[in-house]
Amino acid sequence: MSGASPRVGIVAVSHSRPLAEAAVALALEMVAGDPPPIAIAAGTPDGGTGTDAVRVSEAILEVGAGGAGVVVLMDLGSAVMSAEMALEFVADPELRVRLISAPFVEGLLAAIVRAAGGADLDAVATEALAALRPKSEQLGDAAADDDQRAVDDPGDRADAPPAAAGDLASAAPPPAIAEAVVRNVAGLHARPAAVIAGLVAERGVALTLATDAKGPVDATSPIGIAVLGAGPGTRVRIAATGAGAAAAVEEVRALIESGFGEELAELAELDVAPAEVQPAAHPSHETPSHPLGVSSGRVVGPVAVMVHAADEPDPAVRIPADARYGAATRLREAMLAVAGEMHATAQMLSGQRRDVLVATAAIAADPALHRAAEALVRDEGATPERAVWVELGRTAAQYRELGGRMAERVTDLVDVRDRIIARLTGVERPGVPERDHPFILVADDLAPVDTVGLDPECCLAIVTEQGGPTSHTAILARELGLPAIVGAAGATALADGTVVLVDGDTGELIVQPDEGARATATGVITLPPFEGPGQTADGHRIVLGANVGAPRDIRRAVERGAEGVGLFRTEFCFLDRTREPSVDDQVAAYREVFAAFVGSRVVVRTLDAGSDKPLPFLTSDDEPNPALGVRGYRTSRRDPEVLDAQLRAIARAADAEQADAWVMAPMIATVAEATEFVARARAAGNRTVGVMIETPAAAFVADELCAVVDFVSIGTNDLSQYTMAADRMSGELAHLADPWQPAVLRAIRLIGEAGTRSGTPVGVCGEAAADPALAPVLVGLGVTSLSMAARAITAVGAIVSSATLAQCRTAAEAACAATDPAAARAAAREALAT
Ligand code: PEP
Ligand code: MG
C-alpha cells in the first residue's frame, strides 16, 4: 500500500487520559514513519476519570475521515459501554468501525504499528486481537491457544469480537435493498420523516434512502429524508447493511407503502414514475398572497402581538482551538436538551398535536444536523450558536426550495433554531404573551410548541403573517377549535390591544370593526358536543367520560357532552399547598365536581403524589428514583391519615350531592394493597371502590385484583412507562413509552380479559383513551369505558360508533400481534377498514 493511501484510524478509549496518552506514546515509539490517525477519548472534560460516548463518537469520526475504517480499543467496564453507545451516534453508513476486545496496551501497540504500516482494517483488527499471545505463550497460560483460535476463526467463539455489532459497513450479510412507492398525498414530509428516522434509529441499522433525483441520505436524519422531497408516486430506494438490515429495510418499505396513516394519493397502479415534489409556484415560501382563513369561527377581540426571533449570532467570533471540543459538546447537549423538552411536551398531548411536536423534536435531535453543526465548531471555530444558525439556515433554504408543505415547515426549523440558540446563550426565548384578558394572538408564525400550549380560554383566535393551509399553525388551530387566519401580511405591525375581527372561514381581518361588524361575530366553532351514549356500531356500550385535572375542566367536560368523569385527578386540590388541606376544604372541592355531574359516574382518584406530581407535604424530593419510589398509594404507608381523611372527604361530598362516586387508588402493585385500600375506602363510607392498573405487576395479577375490587381503571401513561421501563417524561424515550407498543397492548389485553371473565368494569383513563385510532383497539381488548380530555370525546365517540365489537376485537388482536407501534397502528387500521 502506498504511503499516500488512507490508513486505518485508531481510537483509544480509557477512563484515564494519562493512561491512554502513555499507552499511545509507548506504541508510537515503535512506529518509524508517519503514525496512522489516532484519537484519544479518555477521561472527562474537567480532567476527571470516566468515559464519554459522545467524545468516543467524535474521535471515531475524526480518525475515520480517510475512509479506511477505524479500530477502537477500550480499557474496561464502562469504556466498553461508551464505545458501543458511540456507534449509535456514528450513523455514517460508509464508515467501518471495529470495537476490539484486545488488551488495551498490547492491542493499541499492535494496532498502531500495523496501521502505520498500511495494513487494512481486517489485518489491523486481527493483529490487535492476537496481541496478548506473545505474553501468554511466554507465561505458558492456556489462553494463548484460545486466543489464537479466536483470531483464526472469530465465529467459533461465543464471545467473539463484536464485528457484526461494531462494523457499520462490512458485516458479513450482503446489503439489503428494496424499493417503495410513496403513497400519501403529502409525501415524506416532516412527520413521516420523523417516523422513519425513529424506526431506523431504534433498529440500530445503517440504512439509507434515495430517490432517482436525490440521495442517498442517512435514514436516521429526518431532515435528510425530508429534503429528498419525495412526493406521492416517488420511488424510494432503501438500502441497509449489517445485522438486522433485511428486516429493517422491509419495515421501512412497509411503512412508506402504508402511507403513514395519512390521506392516500390516487396512484394508478402503473403510474408510479419518479415524481419529486415540484418546487412551489411561489419561489421562496408558500405564504399566500392574501389572508386565508384556515380554521373556522368569527370572533372579535384585542390583539396580543408575539414577536420572537433570535438575533443572528456574530460570524466574526471564533472559538480558540483548545476550547472547541468543549463548545461542540455544549452544542450537542443543547440540541438534545431542546429535543428532550419538546418530546416531553408531546408526551402530555395526543393526536396530531403530539405527532407535530414529535416531528419538530426530531429536527432538534437529527444526527446529521448534529454532525454538520459540530463540524463547524470543531473545524472552523464557529460559535455553537452560529453553527446552529448556519446549518438550520441551510436546511431552511432547502425546504423553501421544495415549496408547498415543506416550505411551510420553515417556521418549525426557525423555532428549533431559536430554542437551541436561547439555550446556548441563556437569553430567554419569548413565548406566548400573557394577558389578564382573552386576546387574539398575532405572530409572524407560530411554532408548534407555542400553538399546542395555547389555552382556548385565553386565546380567542390566531392570526399569522406566514404559513399556509397545511402549516402546523393551521392544523393545530383546527384541532384546538380556534379560528385562524394565515398569510395576514403586516399583522404584527398592529399595536398591542388593537381590537380586530377575525373570520377563520373567509380570511377576513377587520381592524377596529364598527358595531355592525362586531355584531356579525359568531364565536368559536368547534366539533359539536358528543351526543352519546358511547357505543359500538352494534350497540356494545362504552362509557365515554372526561378527565378532570383542573377546575376549568369541569365546565369543559359538561359542555362537550361527557358521560361523567372517568378520572378526577384530585391533586389539583392539593397542588401548591405546603400543608394538607382540611377535610372541609376537600369536601367543598369534591362537591363542585359531583354537582356538575348529577346522575353520572364520577371516578375519583385518591392522591397520586410523587414522581411527576410532587406534593411538598407528602413526598420527599431526595429519592434517587421517584418514579419507582414512594408515590401514589405507597405514600399512605408513611402518612395513612392523609389518605383516610381524603377518603372521608370524598364520601361526605358524595353523600351531600347524592353522587355516583367511584373511588380508586393509583400505583397499586399488589393484591394486598388493593384489598387494604378497598377496606379503608369502604370504612370511610365509599360504596364503589376500585384501583388503577398502572404497573405491570398489577396487570399480571389482574384476575386476583378483579376479585377484590368493584372496578379497575388502566392508567396507560404509567403502564406504558413501567412496562417499557421508559420514563414518561423523557423525550428521548417517547418512542418506547408509547401505548401502541405491542407489549403495552398485551398488558392491557391481560387486564381486559380478566375484567371480561369476572364481569369487572375496565376503564382506560390515560392519554391513550384520547387517541381516536387506539380507541377501537382498547374496546376490542375488553375495555368498557374511556376517559379523556373533554375535547377528544366527540372524535373518539364517532370512531367507536363506526366499528362493531367484532371489528374492534380483530383490530385489537392484529395490533397485539404486531412487532412495533407503527406496525400495530397499520394492522389496526387495516382490520377496521375491512
Ligand atoms: C396514567 O398514568 O395513565 C394516569 C391516568 O395517571 P397520571 O397521568 O395522572 O399519572
Ligand atoms: Mg398514572
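Is E694 buried or exposed? In this predicted model, E694 is buried, with a relative accessible area of 2%; buried means under 20% relative accessible area, exposed over 50% and partly exposed in between, with a 1.4 Å probe and protein chains only. Residues are numbered from 1 along each chain as its sequence is written, and chains are lettered from A and ligands numbered from 1 in the order in which they are written. Local features need pLDDT of at least 70 and side-chain atom pairs count only at pLDDT 80 or more, while totals for chains, interfaces and linings use all residues, and side-chain values use heavy atoms, with hydrogens and water left out.

The magnesium ion (ligand 2) is coordinated by E694 through OE and by D718 through OD, at 2.0 to 2.1 Å. Donors are N, O and S atoms within 2.8 Å of the metal (3.2 Å for Na, K and Ca), and water is not among the atoms, so sites may look incomplete. E694 lies in the loop between β21 (688-693) and α26 (696-700) and D718 in helix α28 (residues 716-724), so the pair ties together parts that are 24 residues apart in sequence. Helices (H or I, at least four residues) and strands (E, at least two) are DSSP runs, numbered from the N terminus. D718 is also buried, at a relative accessible area of 1%.

Ligand 1 has 14 residues around it, of which R569, K613, G715, N717 and R728 come nearest; a residue is near a molecule or strand if one of its heavy atoms lies within 4 Å of it. Polar contacts (pairs of N or O atoms within 3.5 Å; within protein, one must be able to donate a hydrogen and the other to accept it, and residues adjacent in sequence count only if both atoms are side-chain atoms) were also listed for this ligand. A side-chain N or O atom of R605 is 2.9 Å from an oxygen atom of ligand 1. The backbone takes part as well: a polar backbone atom of N717 is 2.7 Å from an oxygen atom of the ligand, and a backbone N or O atom of G715 lies 3.4 Å from an oxygen atom of ligand 1. Taken alone, ligand 1 exposes 290 Å², and the protein buries 99% of that; accessible areas come from the Shrake-Rupley method with a 1.4 Å probe, and for residues only the protein chains shown count as cover. Two or more residues of the shell around ligand 1 come from each of β18 and α28. The most is given by α28, with 3 residues.

The structure holds 3 aromatic pairs. Rings of Phe, Tyr and Trp (its six-membered ring) pair if their centres lie within 6.5 Å; planes under 30 degrees apart count as stacked, over 60 as edge-to-face and the rest as tilted. One of the pairs, F568 with Y590, is edge-to-face, at 5.8 Å centre to centre and 85° between the planes. F568 belongs to strand β18 (residues 565-569) and Y590 to helix α22 (residues 583-596), so this pair ties together parts 22 residues apart in sequence. The relative accessible area is 0% for F568, which is buried, and 0% for Y590, likewise buried. The ring centres of W662 and F711 are 4.8 Å apart with planes at 50°, so that pair is tilted. W662 lies in strand β20 (residues 660-665) and F711 in strand β22 (residues 711-714), so parts that are 49 residues apart in sequence are tied together. W662 is buried at 11% relative accessible area, and F711 is buried at 2%.

W662 also has R601 over the face of its ring, at 3.9 Å from the ring centre. A charge sits over a ring if NZ of Lys or CZ of Arg is within 6 Å of the ring centre and within 35 degrees of the ring normal. R55 lies over the face of Y325, at 5.1 Å from the ring centre.

Some backbone features fall in loops. The peptide bond from G215 to P216 is cis, with omega near 5°, and P216 is in the loop between β6 (206-210) and β7 (217-218). M667, which is not a glycine, has a positive phi of about 55°; M667 is placed in the loop between β20 and α25 (671-683) and is buried, with a relative accessible area of 1%.
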